[in-house]
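This report describes strand pairing and a metal site. The structure is shown first.

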Amino acid sequence: YRKAEAERTQGLTDDASVAEHAGIAISMVLGDIENRKLTTADDIVMADRDMTARLLAARPDIRVGQGIDVHPFDEGDAVILCGVAIPYSQKLKGHSDADVAMHALTDAILGTIGEGDIGVHFPPSDPQWKGAESRIFLAKAVELLEAKRGIVANADITILAEAPKISPHVAAMRAFLAPLLKVDPSRIAIKATTMEKLGAIGRKEGIMAYATVTVRLP
Ligand code: MG
């Protein structure tokens with residue numbers, strides 16, 4: 001490049017021609033039409049579009065899975081929802097970290113591929129899952145999906161809780177889940193509603209969560 005610049009050489013169109021001009025031996029190898037040269041920002045946008053189209057075209061089998069879970073409150077100082085600890089006067093009771101929303105999400109993914117539910121893969125009777133972080137369960141469900149060459153298209157989670165307040169933590173929850181689901185956070189929705197003081201959830205006896213997931217498979 002220094003030589004080409006010093007000589008103000010015109011017409012060098014790529015790195016190889018610059019090297020050749022500098023006297024460096026160039027050898028040719030057979031290319032692949034798929035291995036397109038990316039030069040401008042537009043080339044990258046086009047290649048991205050192309051790769052996404054191919055990824056989706058190869059996965060025409062679209063499936064929907066549903067998951068529901070509920071955990072009661074217990075003495076504690078924080079509830080964990082979608083991997084985020086929210087300070088509260090109680091915690092959720094469960095064998096694992098009792099992340100009710102992540103359990104619903106995990107069951108929804110397992111539902112798309114007919115792989116049972118969390119309890120099948122991580123029996124509550126097994127002491128090794130005592131206090132376990134629920135992301136282990138979610139990662140397993142995604143792993144089973146990927147073994148079938150499936151990808152997550154979107155996840156929609158609704159948390160039913162009278163308290164604590166969920167909305168200030170939604171962004172952190174989406175950021176936590178995105179790398180586990182291997183999707184952009186924009187493909188994850190987390191919503192919360194109270195039960196207007198009706199029923200067990202309304203009496204603040206626990207938290208319930210629903211999840212719906214869409215996946216694509218070959
Ligand atoms: Mg559970």
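In which sense do strands S5 and S7 pair, and over how many bridges? Strand S5 (residues 151-160) and S7 pair in the antiparallel sense, over 9 bridges. Strands are DSSP runs of E with at least two residues, helices are runs of H or I with at least four, and both are numbered from the N terminus. Two strands count as paired if DSSP finds at least two bridges between them.

The model is predicted: local features need pLDDT of at least 70, side-chain atom pairs count only at pLDDT 80 or more, and totals for chains, interfaces and linings use all residues. Residues are numbered from 1 along each chain as its sequence is written, and side-chain values use heavy atoms, with hydrogens and water left out.

S7 also runs antiparallel to strand S1 (residues 61-75), joined by 12 bridges. Within these pairings, Gly 65 has Val 213 of S7 as its bridge partner, and Ile 157 stands opposite Ala 211 in S7. Of the 12 residues of S7 (residues 206-217), 9 are buried, so the strand is largely enclosed by the rest of the structure. Buried means under 20% relative accessible area, exposed over 50%, and partly exposed in between (1.4 Å probe, protein chains only).

Asp 69 (OD), His 71 (NE2) and His 103 (ND1) coordinate the magnesium ion at 2.0 to 2.3 Å. Asp 69 in strand S1 and His 103 in helix H4 (residues 100-112) are 34 residues apart, a pair that links distant parts of the chain. Donors are N, O and S atoms within 2.8 Å of the metal (3.2 Å for Na, K and Ca); water is not among the atoms, so sites may look incomplete.

| Residue | Relative accessibility |
|---|---|
| Asp 69 | 18%, buried |
| His 103 | 7%, buried |
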